[in-house]
Amino acid sequence: LRPYQDRLNFVQQLEKSQQCLHSVGLQDWKPPDAFCCPVTMELMRDPVVASDGFTYERDTLVKLLTTTRCSPLTRETLNRQIMVPNINLKKRIRDLPHEICDFVSKKRSRGE
């Protein structure tokens, strides 16, 4: 049940971010590529650093490790035991849209 609750929370955060961006006229804003998993190209909700030093979506990396032990980016053998949560990136993914909205709102209120 926990994974489904995490996904629901992530989707709800995305919706709030989109509403915020839309409210300041940035409905076409796209997150930086660094926020997307290099395998799926989708926004990461649970980024982890693998033994190759790259960050992937946790679920994607787990699935990848069931079929191959090779890094999709470096082709080196991945250590299945190394999967470090990228807490800083997760926070940036969550916070950046709201920081942008706050910045735009403050600029507009100052008449810039």
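How exposed is Cys70, by relative accessible area? Cys70 comes out partly exposed, at 30%, on a scale where buried means under 20% relative accessible area, exposed means over 50%, and partly exposed lies in between (1.4 Å probe, protein chains only).

## Ground rules

This is a predicted model, so local features need pLDDT of at least 70 and side-chain atom pairs count only at pLDDT 80 or more, while totals for chains, interfaces and linings use all residues. Residues are numbered from 1 along each chain as its sequence is written, and side-chain values use heavy atoms, with hydrogens and water left out.

## Cysteines

A search of the whole structure turns up one disulfide, taken here as a pair of cysteine sulfur atoms within 2.5 Å. The partners are Cys20 and Cys101, with their sulfur atoms 2.3 Å apart. The bond ties together distant parts of the chain: Cys20 sits in helix H1 and Cys101 in helix H3, 81 residues apart. Helices here are DSSP runs (H or I, at least four residues), as strands are (E, at least two), numbered from the N terminus. Both Cys20 and Cys101 are buried.

Cys37 is in no disulfide; its nearest cysteine sulfur belongs to Cys36, 8.7 Å away. Cys37 counts as buried because its relative accessibility is 0%. Cys70 is also in no disulfide, and the nearest cysteine sulfur, that of Cys37, is 16 Å away.

## The largest pocket

A pocket, on a 1 Å grid over the protein atoms alone, is an open set of points where a 1.4 Å probe fits, with protein on both sides within 12 Å along at least five of seven lines; lining residues have an atom within 4 Å of a point. Points are joined across faces, edges and corners, and the volume is the space filled by probe spheres set on them.

The largest pocket holds about 300 Å³. It has 15 lining residues, and Asp6, Phe10, Arg45, Asp46 and Lys90 are the closest to its centre. H1 (2–23), H2 (58–67) and H3 (87–109) each supply at least two lining residues, with H1 giving the largest share, seven. By class, the lining has four nonpolar, two polar and nine charged residues. For those classes, Ala, Val, Leu, Ile, Met, Phe, Trp, Tyr, Cys and Pro are nonpolar, Asp, Glu, Lys and Arg are charged, and the others, Gly among them, are polar.

## The second largest pocket

The second largest pocket has a volume of about 200 Å³. Of its 15 lining residues, Leu14, Gln18, Trp29, Pro31 and Leu43 are the closest to the centre. H1 and H3 each supply at least two, and H1 gives the most, six. This lining divides into nine nonpolar, four polar and two charged residues.
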